Amino acid sequence: MSNIYTLREMFGGQWSSSKRLDGKTVIITGANTGIGKETARDLAGRGARIIMACRDLDKAEGAQKEIMEDSGNQNIVIRKLDLSDTKSIREFAEAINNEERAVHVLINNAGIMMCPYSKTADGFEMQFGVNHLGHFLLTFLLIDLLKRSAPSRIIILSSMAHGWGTIALDDINSERNYHSRRAYGQSKLANILFTRSLAKKLKDTGVTAYAVHPGIVRTKLKRHMNLGLLIMWKIVRPFTKTPVQGAQTTIFCAVEPELDKESGGYYSNCRPSRCTRAARDDEMAEKLWELSCKMLGIVWN
Ligand SMILES: NC(=O)C1=CN([C@@H]2O[C@H](COP(=O)(O)OP(=O)(O)OC[C@H]3O[C@@H](n4cnc5c(N)ncnc54)[C@H](OP(=O)(O)O)[C@@H]3O)[C@@H](O)[C@H]2O)C=CC1
Ligand SMILES: CC1=C(/C=C/C(C)=C/C=C/C(C)=C/C=O)C(C)(C)CCC1
């Protein structure tokens with residue numbers, strides 16, 4: 001683990017570029033708060049059409065208003081998406097496929113961390129279900145549109161916490177043994193393995209994929225943290241990132257032209273970063289892909 005907790009990962013990382021995104025369409029999941037909202041605000045300022053994919057429409061409306069006022073960009077729309085329910089994901093994707101001519105950037109940002117044990121509408125453990133499976137299905141349902149819109153990009157929010165867990169192929173829903181931090185780690189490890197497999201499968205399509213660790217960021221994500229981690233949090237708090245700082249690596253992966261030449265990597269502080277050996281295990285990535293398809297009842301080769 002120690003190799004991934006570098007000071008640079010925790011504190012550094014500002015990126016500036018005046019690159020415009022006029023005429024581009026960006027979907028951001030969980031765009032009503034935290035890192036997602038700051039990503040939306042920045043990309044709106046660059047002229048992109050922003051689709052805020054959120055589960056709570058009231059919260060989303062507040063953020064939409066703020067982003068419109070700040071950026072002067074009125075091309076910001078809200079669509080309902082609850083990643084803990086495959087029915088909602090399918091309805092969202094159907095609307096996007098029917099209404100949008102192109103999607104150039106898909107940002108799989110929404111996430112939940114260390115919640116008490118619960119299951120999604122489809123019976124998946126909540127963190128694995130929302131953070132990995134929900135985004136896996138969403139990406140599957142939008143992939144043809146992304147291919148038609150190429151060059152296009154998929155950005156997947158992972159975390160340095162990918163080292164907190166392993167992929168438990170024989171108990172993926174943590175039914176025998178639930179540990180909230182390990183389950184979060186499993187879901188964030190799955191995010192990186194998904195990104196790697198995705199990049200391979202999308203080779204030569206013009207669609208590229210990037211996994212991101214945003215830093216340790218002061219957002220609402222920590223709402224379910226246990227006492228031990230909250231104490232750790234208090235210790236590192238002066239060095240944590242603001243949501244604006246936390247959004248920089250996502251924005252870099254969405255905007256930097258040079259990244260057209262790269263796909264499948266893990267980024268932090270606006271540059272490639274080191275992930276654990278488990279996150280580079282392509283055999284496990286393939287097994288996870290097959291299991292995800294089976295759980296979701298889809299065929300994606
Ligand atoms: N903050 C940090 O230190 C770190 C964050 N990350 C990752 O960054 C990403 C963004 O997190 P951050 O901004 O910090 O967290 P926040 O908790 O501030 O925001 C999370 C967003 O995800 C949404 N969300 C949660 N569950 C669902 C669901 N079932 N369907 C749709 N949307 C949902 C939330 O909606 P609502 O507002 O309705 O709850 C919210 O918009 C996450 O993937 C997280 O794992 C990674 C490393 C560190
Ligand atoms: C105190 C302390 C730490 C605190 C870590 C924390 C508080 C991590 C939070 C991570 C989150 C929120 C991840 C989300 O994906 C380190 C860096 C382990 C090592 C040095 C001492």
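## Second largest pocket

The lining of the second largest pocket comprises six nonpolar, two polar and six charged residues, where Ala, Val, Leu, Ile, Met, Phe, Trp, Tyr, Cys and Pro count as nonpolar, Asp, Glu, Lys and Arg as charged, and the others, Gly among them, as polar. The model is predicted, so that local features need pLDDT of at least 70 and side-chain atom pairs count only at pLDDT 80 or more, whereas totals for chains, interfaces and linings use all residues. Residues are numbered from 1 along each chain as its sequence is written, chains are lettered from A and ligands numbered from 1 in the order in which they are written, and side-chain values use heavy atoms, with hydrogens and water left out.

Of the 14 residues lining the second largest pocket, Leu-21, Lys-24, Pro-151, Arg-153 and Ala-254 lie nearest its centre, and the elements giving two or more residues to this lining are strand S5 (152-157) and helix H9 (248-255). A pocket is an open set of points on a 1 Å grid over the protein atoms alone, with protein on both sides within 12 Å along at least five of seven lines, while a cavity is a set of points where a 1.4 Å probe fits but cannot get out; lining residues have an atom within 4 Å of a point. The second largest pocket holds about 220 Å³ of space, a volume being the space filled by probe spheres set on the points, which are joined across faces, edges and corners.

## Largest pocket

The largest pocket has a volume of about 1100 Å³, and among its 50 lining residues the closest to the centre are Met-113, Tyr-184, Thr-219, Leu-221 and Lys-222. By class, this lining has 27 nonpolar, 14 polar and nine charged residues, and its largest share, five residues, comes from H7. Helices (H or I, at least four residues) and strands (E, at least two) are DSSP runs, numbered from the N terminus.

## Ligand 1

Ligand 1 sits in the largest pocket, in the sense that more than half of its atoms lie within 2 Å of the grid points. Its shell has 29 residues, of which the closest are Asn-32, Arg-55, Tyr-184, Val-217 and Thr-219; a residue belongs to such a shell if one of its heavy atoms lies within 4 Å of the molecule. The shell around ligand 1 divides into 11 nonpolar, 12 polar and six charged residues.

Polar contacts are pairs of N or O atoms within 3.5 Å. A polar side-chain atom of Asn-32 lies 2.7 Å from an oxygen atom of ligand 1, one of Arg-55 also lies 2.7 Å from an oxygen atom of this ligand, and for Arg-223 the separation is 3.0 Å. The protein covers 97% of the 910 Å² of accessible area that ligand 1 has on its own, with areas from the Shrake-Rupley method and a 1.4 Å probe.

## Ligand 2

Ligand 2 also sits in the largest pocket, surrounded by 13 residues, the closest being Ser-159, Tyr-184, Ile-216, Met-232 and Val-236. Polar side-chain atoms of Ser-159 and of Tyr-184 each lie 2.6 Å from an oxygen atom of ligand 2, and of the 540 Å² that ligand 2 exposes when taken alone, the protein buries 82%. The shell around ligand 2 has 12 nonpolar residues, one polar and no charged, and its largest share, three residues, comes from helix H7 (residues 227-236).

## Cavity

The structure holds one cavity of 30 Å³ or more, and about 40 Å³ of space lies in the largest cavity. H5 gives the most to its lining, with three residues.

Notes: Polar contact = N/O pair within 3.5 Å; in protein donor to acceptor, adjacent residues only side chain to side chain.
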